[in-house]
Amino acid sequence: GGLVARYEVYTREGEGDWGQPVAAGEFSNILNNPVPQRVEFAEPTRARQVRFVALASPNGKPWAGAAEIGVLTER
C-alpha cells in the first residue's frame, strides 16, 4: 500500500528555497509491476541535497514509502 505513483524531485546546493522540480512524473503500472524505477533529470544538475516528494499512491492510500533511493552521477 505504500507505493509511489506520482512524484517530484527537487535539488539544491545549500540552504534556502528548493525552487522548481528538476524532475516530475508518474510510475506507470507500479501497482501491478513493482520493480525498481529510474528517474532521469532533463539536464545535468549540480546539487548537495535531493528531495523526493511522493504526490500520490497508486491505490489512493494517504501514505507512500520508498527504499534504497540512490543517486547516480555521470562524469
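Two strands are said to pair if DSSP finds at least two bridges between them. Strands (E, at least two residues) and helices (H or I, at least four residues) are DSSP runs, numbered from the N terminus. The structure is a predicted model, in which local features need pLDDT of at least 70 and side-chain atom pairs count only at pLDDT 80 or more, while totals for chains, interfaces and linings use all residues. Residues are numbered from 1 along each chain as its sequence is written, and side-chain values use heavy atoms, with hydrogens and water left out.

The chain contains three strands and zero helices, giving the pattern β-β-β along the sequence. Strand β1 joins β2 (residues 23–26) through four bridges, and the two run antiparallel. The pairing of β1 with β3 is also antiparallel and extends over seven bridges. Residue E8 has A24 as its bridge partner in β2, and in β3 E8 stands opposite V53. Five of the seven residues of β1 are buried, so that this strand is mostly covered, where buried means under 20% relative accessible area, exposed over 50%, and partly exposed in between (1.4 Å probe, protein chains only).

Across the chain of 75 residues, 16% are buried. The C-alpha atoms fill a box of roughly 35 × 25 × 20 Å along the principal axes. The accessible surface, computed by the Shrake-Rupley method with a 1.4 Å probe, comes to about 6,100 Å², and 45% of this area belongs to carbon and sulfur atoms. Of the contacts (heavy atoms within 4.5 Å) between residues at least 6 apart in sequence, 64% join residues at least 24 apart.

Rolling a probe the size of a water molecule over the atoms shows where empty space is left. A pocket is an open set of points on a 1 Å grid over the protein atoms alone, where a 1.4 Å probe fits, with protein on both sides within 12 Å along at least five of seven lines; lining residues have an atom within 4 Å of a point. The largest pocket holds about 1,300 Å³ of space, the volume being the space filled by probe spheres set on the points. Its lining comprises 31 residues, with R38, V39, G70, V71 and L72 nearest the centre. Strands β1 (6–12) and β3 (49–56) each contribute at least two residues to this lining.

Residue E74 lies in the segment after β3 and counts as exposed because its relative accessibility is 80%. The C-alpha atoms of E74 and V39 are 14 Å apart in space, while the two residues are 35 apart in sequence.
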